[in-house]
Amino acid sequence: IILQSRLRHRRRWSSQNSVARPQLAPLLTRAEQRMGEDSEEEKPLSSSSSSPIGESKDPVTAFFNAILPAGLKQGTSRGNTVEGGGSLSYEEIASASAQDSQAKASGLTMEALCLEVYRGLQERSWFVTGQVDSRLFLDEFAFSDPSVSASSLDEYARGVARFFTQGEGGAVMQVIDVAPIDSSTIMVTWYLDARVNLPTNPRIKPYLVKTFYKIDEDTGLIRFQRDEFTIADWDVAASALLPTPPPQLLSSLLRLAAPFPPPPLDAVANVPLGSRNDAVASEWGKELKALLLAEEGGEEDANRCRSLVQGLISLPTTICPRDLDGSWRVIWEEGLLPWKAFRPRPQKASAYQDFSSENSTVRNSVNFLNGVSIVAEGAFSITSRPTNYPGSEAFVSPVLVEASIEGGAISWAAGETGAGAKEAEGKRTLKLPIQGKGSFEILYLDKELRIFRSRSALGGGVVVQVKQTGADTS
């Protein structure tokens, strides 16, 4: 019943979110020839695994895998005919691509391999179609993600084709960036907006995936693939089962991720590989700041802000510690945050943080409109490791920061002096015995915008801050 109610939810697919369909004529010709040569018992798909991509890692995934349909033929209700595809199913086409006998592209440099992977994904979209470029993969390839694993390229390709809805209105992926992160690893960041082959073809929540390719030292081919989801796998499953998104309050309490926004790839079309994550994030950051600083905004703008925040905290971007310097004002927050106890009504107060990377000091303050302010001061240190680029002082998000609060005070407008209070510049100040250690993660940082996640016993929350100019600071 829950799955059938998903029919009420319709997705409007636009041409700008589509990806180029793979040119499969040569591959299909070779596949049909091989199918004709094989006996009925020897066909690659004569015995289908119960799992779409090898072995399931949890009972929920195993259940979904068990009810997935067998390989769908071209032209069925879940896809359109691919020109030249004949009677092959999408699963058979994916299997043929994995078993294609073209010569391996051995000996490529990391930069050349990144370019080949990028072009191949643009052309074939194999993360959702399974139509891999077998030239780039080692014969002893293996795959793993939080839910399933596979022990061969063929098993992986068939499983992907079987899991995602193929054809028009089906699964859509967009490559954001492909770049080496060390001497033997390539990271692909990509956007997924898909329907899956469960009853009623539910659409899962759009999100970002980080794919890590481990490269074989001897051949320069891809030997292992590991996928990381930027939202919890149970969150993905819930989005497929729920007919409509839950209310905002419930989403916040359950820490459900907002739908990931389509990346503005047209705006970064001329940006080279390796820098496209930062370029996309910059475009999102500008839009987010403009929306949050606007005097008026409705529900649509609020939802867009949540999506942009989700995009910025999911995308791995470059973080320079010196960009922390200055005074930062809180303009958006979500989740369980400790200072909300002191600031139950945000419109009646403002919260700031002041950083000095040179002195490694931090100052937190909450200023109320009645002249009362609470301050906590201390030191901070970045515990994450910097990037592997020679001579670089930059980091890649998320960056873990440890903070040590060494003291605090409360100030209010001058009046009667209480015990222990001191008068300074028309205000009374009372020192507070605030001490302790904590940590937070910098999820995004540029010269004007900062997003961080508090790491508290209550689970923390996400905060967006904007840097103050000289006039704003005063």
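Hi everyone, a word on the ground rules. This is a predicted model, where local features need pLDDT of at least 70, side-chain atom pairs count only at pLDDT 80 or more, and totals for chains, interfaces and linings use all residues. Residues are numbered from 1 along each chain as its sequence is written, and side-chain values use heavy atoms, with hydrogens and water left out.

Now the overview. The chain has 12 helices and 19 strands; these are DSSP runs, numbered from the N terminus, with helices being H or I of at least four residues and strands E of at least two. Of its 474 residues, 47% count as buried. Buried means under 20% relative accessible area, exposed means over 50%, and partly exposed is in between, with a 1.4 Å probe and protein chains only. As for contacts (heavy atoms within 4.5 Å), take those between residues at least 6 apart in sequence: 63% of them join residues at least 24 apart.

Let's zoom in on Asp-227, which sits in strand S7, residues 222-229. A salt bridge, in turn, is a side-chain nitrogen of Lys or Arg within 4 Å of a carboxyl oxygen of Asp or Glu.

Asp-227 does have a polar partner: its side chain and that of Gln-225 are joined by a polar contact of 3.1 Å. That term covers a pair of N or O atoms within 3.5 Å; within protein, one must be able to donate a hydrogen and the other to accept it, and residues adjacent in sequence count only if both atoms are side-chain atoms. Leaving aside neighbours within four places in sequence, Asp-227 also touches several residues, among them Phe-143, Pro-146 and Lys-210.

And Arg-226? Its side chain meets that of Glu-228 in a salt bridge, 2.4 Å from N to O. Arg-226 is partly exposed at 33% relative accessibility, and Glu-228 is partly exposed at 28%.

The whole structure holds 14 salt bridges, so here are two others to click on, by that same definition. Asp-323 pairs with Lys-447, with the closest N and O atoms 3.1 Å apart. Asp-323 lies in the loop between strands S8 (318-319) and S9 (326-335), and Lys-447 in the loop between strands S17 (436-445) and S18 (449-454), so this pair ties together parts 124 residues apart in sequence. Asp-323 is buried at 14%, whereas Lys-447 is exposed at 61%.

Then there is Arg-453 with Glu-441, 3.1 Å from N to O. This pair links strand S18 and strand S17, 12 residues apart. Arg-453 is partly exposed at 23%, while Glu-441 is buried at 15%.
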